[in-house]
Amino acid sequence: ASTSGAEHASARARGAAVERDEPPAIGIRCVAYNNQSNRLAVSRTDGTVEIYNLSANYFQEKFFPGHESRATEALCWAKGQRLFSGGLNGEIIEYDLQALNIKYAMDAFGGPIWSMAVSPCGSQLLVGCEDGSVKLFQITPDKIQFERNFDRQKSRILSLSWHPSGTHIAAGSIDYISVFDVKSGSAVHKMLVDRQYMGVSKRKCIIWGVAFLSDGTVISVDSAGKVQFWDSATGTLVKNHLIANADVQSIAVSDQEDSFVVGTAEGTVFHFQLVSVTSNSSEKQWVRTKPFQHHTHDVRAVAHSPTALISGGTDTHLVIRPLMEKVEVKNYDAALRKITFPHRRLISCSKKRHLLLFQFAHHLELWRLGSTVATGKNGDTLPLSKDADHLLHLKTKGPENIICSCISPCGSWIAYSTTSRFFLYRLNYEHDNISLQRVSKMPAFLRSALQILFSEDSTKLFVASNQGSLHIIRLLEGSFKHLHTFQPQSGTVESMCLLAVSPDGNWLAASGTSAGVHVYNIKHLKLHCTVPAYNFPVTALAIAPSTNNLVIAHSDQQVFEYSIPDKQYTEWSRTIQKQGFHYLWLQRDTPITHISFHPKRPMHILLHDAYMFCIIDKSLPLPNDKTLLYNPLPPTNESDVIRRRTAHAFKISKIYKPLLFMDLLDERTLVAVERPLDDIIAQLPPPIKKKKFGT
């Protein structure tokens, strides 16, 4: 996809220039599936909560930044698509899914919270605590209200499940499972779990998960590698499956109660199904049907949607495995999905000074790219004549994670935001020294910014707040001036998650958490137009130089081009919508996260996702489904290179390892930031060793 061998080789040299020490990988702790909205909530070990829209090609449409004191141990949805979590700080948190902030945090007064469950009708919340208490809360329209405690148990409550009728609950603890009557709050049965593990008696047996079925069966999973079936009416053990040499850590049951999924500390996910004993018999039994090994480490959380098994754990991957018998159309929805990287950008670039700003949970790193004077043929990795410089390590104060950050194109400003504060720094460069000056008295309305962007000439700062407002700040030598605030449209509180500014500084495009894109006239400080709504969320947007065409990528892999001056889709965009994209283009499973343009080639659109980089040449014909979209084989000769270059509009390169960032620094240089999966795995603790046959 590159235009010349020297340019390509130079880009490879620069890409290899930055080798950094990585902070530890952030694993998945909980997952919660919402059937009504087909959304999945995922919490990570640093307290971050992510929302995935499974109907929108599994796109991560929202996130709530982490916090050092909020280690989330439980996550659940309630009626009206309300999301709650509980953690080791003992607080119950409700999330505001519109404004993307925490609605409130309430102390449960039972010490660390280990488990949570919402009643079948969705109006009551159960919380299991460190002190052995099970607490019942009423979910009111705007908050939750404590109702009462159930009988206190001797040890922490690690798992909870409601009977579908809402009359009883099962609670997993250490060494035993309790069944409570909800009306009286008293325990009606206590089922003692066998401590035997591979024939040896363990010190204690931890009940990591319980599931209460309609027929009164309680399924438990525990630290001795067992899946057990109990009769809650008599408190007796009905069936026992020893499935692992390590902990079975999670369980989730389908709504029809005909299948369930469990995750183990060995990284294996097991699927159990209710099948007939004989072909003409009405009697059914639970059978372990399929083991899946898509994880290297502990599977800490599982969920069961109507069509898929969902799992996540220490290795950071979110895996969605479709159930083939439940997927009606055997298309790409039937393929396994493995989500590893955030669907938003964590790197920004100063093209003028060749700087990259990397965003981590609690610090920012500024690097100057290395350079080479060597030349070579296409594909060569060139030696560096100047190494990359680590210029700055900027650590945040306080427990909050960084939400977003940006460096200005000139390299003289860095801005970042946390939930409660907004920071702006002025950078001064003297030879090889760099000095930092913090701009004081930043206004409070800038905090909780979801997106920060500088104008091309670095004179203006655009800040998208979580309340739906867009603020424009003029930057002066060491200070700032608030120019204007665009309020959200028609009284809605829709958070703006993506911003794009035109190179001439006249237009600002903003996309919200729904599918709308608004375009503002910066000169006259007014709304110019709204792009026609599309029913998939926006994943990336950018405004082309000279034409002021807005290019928008959506989560279903559609790409639109909209003329801002004409307030309509361009001719090229209409043509591609009429003909349709190549089927292989639409089957890609990671969203486009960045769009840019070549300054000297107005017909080129550059874009990338995590696994490919593409140049779309609008002057060439579009590929149809019979055309070869991407040829992985290297060109055989010069005429083959020319033939490929002119075959169709899509030039695709997959030579980079997982791509976090890619952009043009200038007309001859491309910078790519890769995130090899091996590096993530190398940071994790060693997985549990399994004995293989014949070793």
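Modeller: A residue counts as buried when its relative accessible area is under 20%, as exposed when it is over 50%, and as partly exposed in between (1.4 Å probe, protein chains only). This is a predicted model, in which local features need pLDDT of at least 70 and side-chain atom pairs count only at pLDDT 80 or more, while totals for chains, interfaces and linings use all residues. Residues are numbered from 1 along each chain as its sequence is written, and side-chain values use heavy atoms, with hydrogens and water left out.

Colleague: Why is Glu94 called buried?

Modeller: Glu94 has 0% relative accessibility, so it falls under the limit and counts as buried.

Colleague: What does Glu94 meet in a salt bridge?

Modeller: The side chain of Glu94 meets that of Arg82, at 2.8 Å from N to O. A salt bridge needs a side-chain nitrogen of Lys or Arg within 4 Å of a carboxyl oxygen of Asp or Glu, so this pair qualifies.

Colleague: What makes this pair a tie between parts of the chain?

Modeller: Arg82 is in strand β6 (residues 82-87) and Glu94 is in strand β7 (residues 91-96), so the bridge ties together parts twelve residues apart in sequence. Arg82 counts as buried too, because its relative accessibility is 12%. Arg82 and Glu94 also belong to a network of salt bridges together with Lys103.

Colleague: How many salt bridges are there by this rule?

Modeller: The count comes to 15. One of them joins the side chains of Lys226 and Asp222, at 3.3 Å from N to O. Lys226 is buried because its relative accessible area is 3%, and Asp222 is buried because its value is 0%.

Colleague: Which residue forms a salt bridge with Glu667?

Modeller: Lys600 does, with the closest N and O atoms 2.9 Å apart. Glu667 lies in the loop between β55 (659-666) and β56 (669-674), and Lys600 in the loop between β51 (594-598) and β52 (601-608), so the pair ties together parts 67 residues apart in sequence.

Colleague: What makes the phi of Tyr58 worth a remark?

Modeller: Tyr58 has a positive phi of about 60 degrees although it is not a glycine. Most residues other than glycine have a negative phi. Tyr58 lies in the loop between β3 (49-53) and β4, and its 12% relative accessibility means that it counts as buried.

Colleague: What is the phi of His354, and where is His354 found?

Modeller: The phi of His354 is also positive, at about 55 degrees, although this residue is not a glycine. His354 is found in the loop between β31 (347-350) and β32 (355-359). Its relative accessible area is 19%, so His354 is still buried by the rule.

Colleague: Why does His67 count as buried, and what does it touch?

Modeller: His67 has 17% relative accessibility, under the limit, so it counts as buried. His67 sits in the loop between β4 (59-64) and β5 (72-78). Leaving out residues up to four places away in sequence, His67 touches Asp46, Gly47, Pro399, Glu400 and Asn401, where contact means heavy atoms within 4.5 Å.

Colleague: Where does Gly512 lie, and why is it called buried?

Modeller: Gly512 lies in strand β44 (residues 507-512). Gly512 is buried because its relative accessible area is 6%.

Colleague: How do you know that the size of the protein agrees with a compact globule?

Modeller: The radius of gyration is taken over C-alpha atoms, and the globule rule is 2.2 Å times the number of residues to the power 0.38. For 695 residues a compact globule would have a radius near 26 Å, and the protein has 27 Å, which agrees. The C-alpha trace spans about 80 × 60 × 50 Å along the principal axes, and 57% of the residues count as buried.

Colleague: How many helices and strands are in the protein?

Modeller: There are five helices and 56 strands. Helices (H or I, at least four residues) and strands (E, at least two) are DSSP runs, numbered from the N terminus.
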